[in-house]
Amino acid sequence: MNPSPAPYRFHAFDISYFSAKVRPALRFKQLWYEELRADLGEVQRRTGLAFIPILVTPDGDTWQDTSEILDRLEARHPDPPLFPVTPVQRLAAHLVELYSDEFATLPAMHYRWGSELGEASARARFVAMIGSAEIGNALADRMAAARLGLGATDATGPAIEAHTHDLLDALAAHFEAHPYLLGERMSLADCALMGPVYGHFFNDLVSRRLLLETAVPVVGWIERCSFPGSDGQGQWLPDDALAGSFREVLAAMGRDAAPVILAAVRAVEDWADTRPAELDQLPRAVGACESALRGTPLKKIALPYTLWMLQRSLDVYRALESSERSQVDEAIAGTGWEAVLAYEPRHRIGKCGFQLGFQ
Ligand SMILES: N[C@@H](CCC(=O)N[C@@H](CS)C(=O)NCC(=O)O)C(=O)O
């Protein structure tokens, strides 16, 4: 391939969840890129949306949505690969991505905005990041309110913390024995998990303290993912295997997240059954859905985007040969993810440009 005429331009913020998912991929693939504090006006002009990050390619195209950004980076720069090609590791990586994007926002928003110290320190960081008390505080107000919409309330706080402690214990045990989730090489799974774990947990005072006091091996993994070229990458585990300790991580994720993700998807599908026929653009949220986290009732907004993300895992699963599907089923048995892979959506969501729509 000819050398790039210009760098990728990565519009991001250090404390942004989804920026933290893409950054390790850019570094791992050793791409020429320039990271800018996101220019929100330019993001809006380029995409019509107010989501970050975006990646502007050397030839001026705009890529938005971290899942698609990682797909496109992988297609354009396949070496070194981030996406395993063997069925079990590939599916496992997608399930970690589904968990990270569609459930882990709950603990992330809880630790950032769900206590006095969390909120005050995050607010100060927003003001410093934006460089304006007025705009930084307005943004902080919006995000603090979004916490409640995502179901991270004072009532669900104890269940969210119990989930997070179990997840961090499982991750710490795994990273004591393995540098990355799938073995000795970074993957899509690590990038996705860096969203909540670096973007929020490591950046925010309350959760950073939790990490440093209870999960130092996870901090070591953050360091490796942040500078992935510097420590010599090995290989994913041979024979498409998952480490036993990684299965514990998948179970810590799946047991709690799968029912919540499925409740959201069901609510989106119920809404879609009777949606107005002429609707060409999907609303961001379509009402609320109810589920439970460790016995505590949990009510959150239902996002059509969650169905789009579920399709991403299901498409990979359904494209497998039946013998490969059996290998996946065996590998994830008992992790809580079985119900997710068995789900059969009645509706399908696609994208037109940056907008979601039913297909
Ligand atoms: N699914 C999108 C999510 C992007 C996203 O939610 N980004 C956050 C910042 S980390 C954001 O821009 N939030 C603004 C908002 O929620 O209005 C992706 O993967 O890119």
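Two strands count as paired when DSSP finds at least two bridges between them, and with that in hand, hello everyone, let's walk through this structure together. What we have on screen is a predicted model.

Let's start with the sheet. Four strands make it up, and it is an open sheet with mixed pairing, running in the order E2-E1-E3-E4. Which strands stand at the edges? They are E2 and strand E4, residues 62-64, each with a single partner strand, so one side of each has no neighbour in the sheet. From one strand to the next, the twist averages 20°.

Now please look at E1 and E2. Strand E1 covers residues 8-12 and strand E2 covers residues 33-37, and these two pair in the parallel sense over five bridges. How does the chain get from E1 to E2? It crosses through helix H1, and this β-α-β crossover is right-handed.

H1 also packs on the sheet, where H1 touches E1, E2 and strand E3, residues 54-56. The direction of H1 makes about 155° with that of E1.

Let's step back to the whole protein. It is divided into domain 1, residues 8-76, and domain 2, residues 87-358. Their C-alpha centres lie 19 Å apart. How many residues meet between them? On the domain 1 side there are 20, in contact with 24 residues of domain 2. Two elements give two or more residues to that side of domain 1: helix H1, residues 19-28, and helix H3, residues 66-76. H1, our helix from the crossover, gives the largest share, seven residues. By class, the domain 1 side divides into 10 nonpolar, seven polar and three charged residues.

Helix H4 spans residues 87-102 and helix H13 spans residues 304-318; their axes come within 9 Å and cross at roughly 175°. Angles over 145 degrees count as roughly antiparallel, and H4 and H13 are therefore roughly antiparallel to each other. Among the residues making this contact are Leu 91, Leu 95 and Leu 98 of H4, and Met 309, Leu 310 and Val 316 of H13. Charged residues take part too, including Arg 90 and Asp 101 of H4 and Arg 312 of H13. In total, the contact has seven nonpolar, three polar and four charged residues.

Conventions:
Residues numbered from 1 in each chain as written. Predicted model: local features only at pLDDT ≥ 70, side-chain atom pairs only at ≥ 80, totals over all residues. Axes fitted to C-alpha atoms, helices over the stretch in contact; angles between N-to-C directions. Parallel < 35°, antiparallel > 145°, perpendicular 65-115°, else oblique. Contact = placed C-beta atoms within 7 Å. Domains from an automatic or database assignment. Right-handed = clockwise from strand over helix to strand, strands pointing away.
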